[in-house]
Amino acid sequence: MSKPKENIVVFEHEVLRFDKGEKKITEDQFKALERYYGNGVPYFNLIYNGVQFNEHVGVIQIGDTLIEVLPKADKNDTDTTKWRKILIGMLRAVGSFDIKETSSSNLNIKPNTILDLYFELFIKQVEYLLHSGLVKKYRKKEGNVTALKGNLLFHKHIQQNLTHQERFYVRHTTYDVEHTLHFILYKTIRLLKQINTNTSLHSRIGALLLQFPEMPDIKVSEATFDKLNFNRKTQHYKKSIEIAKLLLLQYHPDITKGKNHVLALMFDMNLLWEQFIYVTLRKKKEEGTTITAQTSKYFWKPDNGRRSSMKPDIWIQNGNENIILDTKWKNLNGFNPSPDDLRQMYVYHEYYDAKKVALVYPGKDNSNRSGHYLDKTKNKEIIDKECSIILIAVEKDIKKWQTAIQEKLLKWFKENNVKTAS
């Protein structure tokens with residue numbers, strides 16, 4: 001296990017440099033991030049002697065140093081404990097920490113970062129698999145045995161057993177636990193042993209290495225996971241394999257100095273905000289109302305080539321009435337939305353025949369600002385073309401926050417005389 005160090009905690013869009021600043025990375029760590037960025041990483045931009053993070057939040061581990069990037073909807077609110085809890089709560093709400101019913105008891109550790117949660121979730125899943133009994137599969141095996149079985153490979157038998165008449169070189173079928181699923185899990189356990197910095201998990205990782213049968217090392221890529229097929233017997237492996245995929249494919253070993261390995265678990269905050277609003281609304285809707293996310297419609301076709309489409313974040317339908325919501329994880333700070341966002345909402349209004357559209361932002365308070373598009377000739381408000389700005393006050397308690405979001409948006413729906421959730 002790596003020696004634990006104090007985390008570097010920053011907020012989205014902050015800068016980390018090695019030559020100045022209250023919070024610093026080392027020059028070696030910067031070079032590791034620079035190499036990592038060369039792989040097309042979208043989580044930060046390279047600047048002079050440092051990096052600037054963007055809308056992605058989560059954890060980047062360099063060697064045994066953790067850089068935690070937290071969301072922040074208010075530039076004056078720098079409570080890291082609060083924003084860490086909000087991030088973990090939002091990830092839980094959208095299913096990023098979903099676990100099987102068979103092992104869904106509370107996680108044991110007090111997490112320092114979301115990385116700890118993923119580590120423990122993986123450990124808990126593998127502990128459950130070991131307790132249930134590892135699945136066996138048939139596979140072809142070739143080698144020397146002391147009893148003749150399967151097919152005798154005569155050429156190799158003569159080569160290897162000329163002076164060992166008691167042995168047979170055969171190809172046969174065996175039924176055991178050596179298969180790709182277990183190769184992947186074993187490789188992930190060994191990775192956790194190498195990079196874990198949470199002392200609460202150290203003994204459990206060590207126990208897994210002792211209990212899990214030793215497996216051959218394999219190289220993994222996207223193709224490795226694409227080839228996997230889950231059936232009735234292996235369906236309960238799916239969650240542990242999903243986490244293994246996340247960890248193994250995001251791990252970039254340092255092949256130069258051998259100590260600044262990089263592992264990143266980062267999430268696009270704009271997408272997370274959209275998913276959070278979507279799952280929150282779906283929890284409370286009446287029969288006859290449909291709520292869909294990222295539904296495409298084609299709106300332009302060239303003479304040659306592909307058609308272009310538009311895709312609103314959330315589309316709510318009740319009978320012939322449509323409402324479009326577009327979510328934006330940014331603080332307006334009292335300003336108007338960007339002209340591009342307002343133009344986009346106008347197009348949604350027209351193309352989806354929407355009764356009402358709204359831009360949904362996080363904010364300090366639960367306030368609405370209504371506005372109307374203007375008639376192109378008379379420059380007067382068009383009453384039936386309303387585009388609202390809805391600010392959702394951020395709350396640390398996720399369940400209370402979801403209830404507040406439901407109540408606020410439902411009230412706004414009803415003001416428009418749209419039948420939605422009850």
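Trainee: Where does lysine 75 lie?
Mentor: In this predicted model, lysine 75 falls in the loop between β6 (65-70) and α2 (80-93).

Trainee: Why is lysine 75 called exposed?
Mentor: Its relative accessibility is 60%. Exposed means over 50%. Lysine 75 is therefore exposed.

Trainee: How far apart are lysine 75 and histidine 182?
Mentor: In space, 46 Å, C-alpha to C-alpha. In sequence, 107 residues. For scale, the C-alpha trace of the chain spans about 100 × 55 × 50 Å along its principal axes.

Trainee: What does the pLDDT of the chain average?
Mentor: The average is 85, and 91% of the residues score at least 70. Among the elements, strand β2 (residues 15-17) has the highest mean, 96. Strand β8 (residues 151-152) has the lowest, 76.

Trainee: Where is the pLDDT below 50?
Mentor: One such stretch is residues 99-110, with 25 contacts in the model beyond near neighbours in sequence. Residues 417-422 are also below 50, and that stretch has 23 such contacts.

Trainee: What makes up the secondary structure of the chain?
Mentor: 11 helices and 20 strands.

Trainee: Over how many bridges do β7 and β9 pair?
Mentor: Strand β7 (residues 137-145) and strand β9 (residues 168-176) share nine bridges, again antiparallel. Arginine 139 has threonine 174 in β9 as its bridge partner. Lysine 140 stands opposite threonine 173 in β9.

Trainee: Why is the pair of tyrosine 138 and tyrosine 175 called tilted?
Mentor: The ring centres are 4.6 Å apart, and pairing needs them within 6.5 Å. The planes stand at 40°. Under 30 degrees would be stacked, over 60 edge-to-face.

Trainee: Why does the pair tie together separate parts of the sequence?
Mentor: Tyrosine 138 is in strand β7 and tyrosine 175 in strand β9, so the linked parts are 37 residues apart.

Trainee: Is tyrosine 138 buried or exposed, and what makes it so?
Mentor: Its relative accessibility is 65%. The cut-off for exposed is over 50%, so tyrosine 138 is exposed.

Trainee: Why is tyrosine 175 called partly exposed?
Mentor: Its relative accessible area is 40%. Buried is under 20%, exposed over 50%. Tyrosine 175 sits in between, hence partly exposed.

Trainee: What makes the pair of tryptophan 315 and tyrosine 352 edge-to-face?
Mentor: The centres lie 4.9 Å apart, with the planes at 80°. Tryptophan 315 is in strand β15 (residues 314-318), and tyrosine 352 is in the loop between α10 (339-351) and β17 (356-363). They are 37 residues apart. Both residues are buried.

Trainee: How many aromatic pairs does the whole structure hold?
Mentor: The search finds 14. Ring pairs also join Trp273, Phe276, Trp329 and Trp401 into a cluster.

Trainee: How do you know that the charged end of lysine 72 sits over the ring of phenylalanine 11?
Mentor: The charged end is 4.8 Å from the ring centre. The distance cut-off is 6 Å, and there is also an angle test. The pair is listed as a charge over a ring.

Trainee: Which residues have the most contacts inside the largest nonpolar core?
Mentor: Ile67, Leu325 and Trp401, in a core of 98 residues. Helix α3 (residues 114-132) gives the largest share, 11 residues. Isoleucine 67 touches, among others, Ile8, Val10, Leu16, Phe53 and Ile62. A second, separate core has 15 residues, including Ile324 and Tyr361.

Trainee: What share of the chain counts as buried?
Mentor: Of the 422 residues, 46%.

Definitions and conventions:
Residues are numbered from 1 along each chain as its sequence is written. This is a predicted model: local features need pLDDT of at least 70, side-chain atom pairs count only at pLDDT 80 or more; totals for chains, interfaces and linings use all residues. Side-chain values use heavy atoms; hydrogens and water are left out. pLDDT is the predictor's confidence in each residue, from 0 to 100. Helices (H or I, at least four residues) and strands (E, at least two) are DSSP runs, numbered from the N terminus. Contact means heavy atoms within 4.5 Å. Two strands pair if DSSP finds at least two bridges between them. A nonpolar core is a set of buried Ala, Val, Leu, Ile, Met, Phe, Trp, Tyr and Cys residues joined through side-chain atoms within 4.5 Å. Buried means under 20% relative accessible area, exposed over 50%, partly exposed in between (1.4 Å probe, protein chains only). Rings of Phe, Tyr and Trp (its six-membered ring) pair if their centres lie within 6.5 Å; planes under 30 degrees apart count as stacked, over 60 as edge-to-face and the rest as tilted. A charge sits over a ring if NZ of Lys or CZ of Arg is within 6 Å of the ring centre and within 35 degrees of the ring normal. Lists of a residue's contacts leave out its neighbours within four places in sequence.
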